[in-house]
Amino acid sequence: MADEIEEKSFKFHEMELDDRILKAIAKLGWQTPTLIQEKAIPLILEGKDVLVRARTGSGKTAAFAVPVIQKILNLKQIAIQQEIKALILTPSKELCNQICGVVKDLTVKCSREVRCVDVSPQVDLNVQKPLLVEKPDIVVGTPSRILQHLKAGNLSLRKSLEILVIDEADLVFSFGYEAEVKELLGYLPTIYQAILASATLSNDVKSLKSLILHNPVVLKLEEPDLAPASQLTHYHLYAEEMDKATILYALLKLCLIRGKTIIFVNTVDKCYKIKLYLEQFGIPTCILNSELPSTIRCHSVNQFNQGIYDIIVASDERALEQPDTEKGQGDGKKSKRRRDKESGVSRGIDFQFVANVINFDFPLDTQAYIHRAGRVARGNNQGSVLSFVSIKEKPLLQKVEEALKQDREDISIFKSYQFKLEEVDAFKYRAKDAWRAVTRIAVREARLKEIKQEIFNCQKLKSYFEDNPTDLQVLRHDKALHTVRLQPHLADVPEYIVPPTLKNLSGIARRGKRKRDHSKTFESSTAKFRAKKSNPLLSMQFEGFSKKKKK
Ligand code: AMP
């Protein structure tokens, strides 16, 4: 039976955490624990089995990673030999990569004492064997990958494992891992502490709970699905497709959107349409969808997080949330295009310091809206969501408005975004030309070209990058695809098309030195806008690899 308990709140320094963890937390700039961390860390430290239900972006990863690291440090004081103490399972390779990254950030001050290995990359098992022979303290992987290593005898957990964590537990079964998880449990000791973390409490989570947890504490935080209004602002703007395109171009070129931005669309083709459209104005973007190889997706997200580029165009595909239940990977009969079972583009993926989400296409339901909006205002950061809404999409907006109103005392969460389309009339002509230039054929070619380009990057240069890791940094994913004829003059914004209200402002359409400020969000076009010296979207220069090696 699960107890639902009310816990007292703790700050990081009151949680009896090792100084090295506290220093790492300070280095990350986290001042106070998020709600889920406040509740979960002490319970996990006490040794309780915990089921954590928390919304995406709530700081869930550190909620289990911090106590796991602390427990390992405690165990090390009495340990005689090096052993694998914790196993973290999660359904996608991107999440494995991300969790391992968080653990590494939290162990920067004790990296010799606590080592973490992510075995999710699909390389030959023998390549990873030496990593496991060293018995890292924490092993992260997808259930199938871990099972392969267990079966191959590369990994032995029966005697040493102390903690099992399953993150994004609600996706584990729907990604088709049920049999693997059950089989994997046979390789674990009879007693260990278990933690399940999940964004929802679906029936799958309930099954996992009865399978794995013993007498657990259920932390079902009464957190709203979305960050509070003080942290996250929701704007909407009515516009049809062509006007959406014009507005997007004007907002980006006039620096009315600043900071890191994710543009969401509803299909993979549309991703490329937007990329090719913006490319004509000299606005580089990077694409993220389920058809790109997972290493590329991880690399793109990492580079976005490091601030190497500022705009991602992502398609919010249903298949990623409810992937093939029929053991999708490799069967490939239903869909001509191969999707990767072990990957989800955005669920649980941590795009860091995102200031804005733009819904170019309005999401198809409330869950999708919440999910997209969850990409901003993560942790304790500020953010904005701007949704473009066509007449056809209006009922969808109303549905979301109604659903989210209930949580917020009958007040709509949406504010109207003040944008005077007539002020950017001159942008319309350019936008129209550029939009039309992106034909279906251009989109198809771009999709093929990007996949080929990325696969080439992946395989041919793999060994090269192993020898030259710094060159990997300069391999960018926001390169122009050039399947549409480029007209160099479109990259500039001549003064005569700048709306009078913005004319006197410096910095617009001028290449300046990029000065990053992650906290910047949408500016109202009527508000006094001080662009200062920088336009981050104009100053993206790729230096290095592409210069040496022309495509
Ligand atoms: P997660 O829900 O684990 O994916 O975390 C969402 C984001 O919140 C990540 O970018 C974390 O770096 C950030 N984060 C986690 N904990 C904190 C905290 N206590 N204060 C500020 N940001 C945090």
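Student: At about what angle to strand S6 does helix H3 run?

Tutor: This is a predicted model in which local features need pLDDT of at least 70, side-chain atom pairs count only at pLDDT 80 or more, and totals for chains, interfaces and linings use all residues. Residues are numbered from 1 along each chain as its sequence is written, and side-chain values use heavy atoms, leaving out hydrogens and water. Helices (H or I, at least four residues) and strands (E, at least two) are DSSP runs numbered from the N terminus, and angles run from 0 to 180 degrees between N-to-C directions of axes, lines fitted to C-alpha atoms, for helices over the stretch in contact (heavy atoms within 4.5 Å). Helix H3 (residues 60–78) lies across strands S2, S4, S5 and S6, and H3 runs to S6 at about 165°.

Student: Which are the edge strands of the open sheet?

Tutor: The sheet has 7 strands with parallel pairing, in the order S3-S4-S2-S5-S6-S1-S7, where two strands pair if DSSP finds at least two bridges between them. Each edge strand pairs on one side only, which is the case for S3 and S7.

Student: In S7, which residue is the bridge partner of Val 50?

Tutor: Strand S1 (residues 50–53) and S7 pair in the parallel sense over 4 bridges. In S7, Val 50 is partnered by Val 217.

Student: How is H11 placed relative to H16: roughly parallel, roughly antiparallel, roughly perpendicular or oblique?

Tutor: H11 (residues 268–279) and H16 (residues 425–437) pack at about 130°, with axes 9 Å apart. Angles under 35 degrees count as roughly parallel, over 145 as roughly antiparallel, 65 to 115 as roughly perpendicular and the rest as oblique. Therefore, H11 is to H16 oblique.
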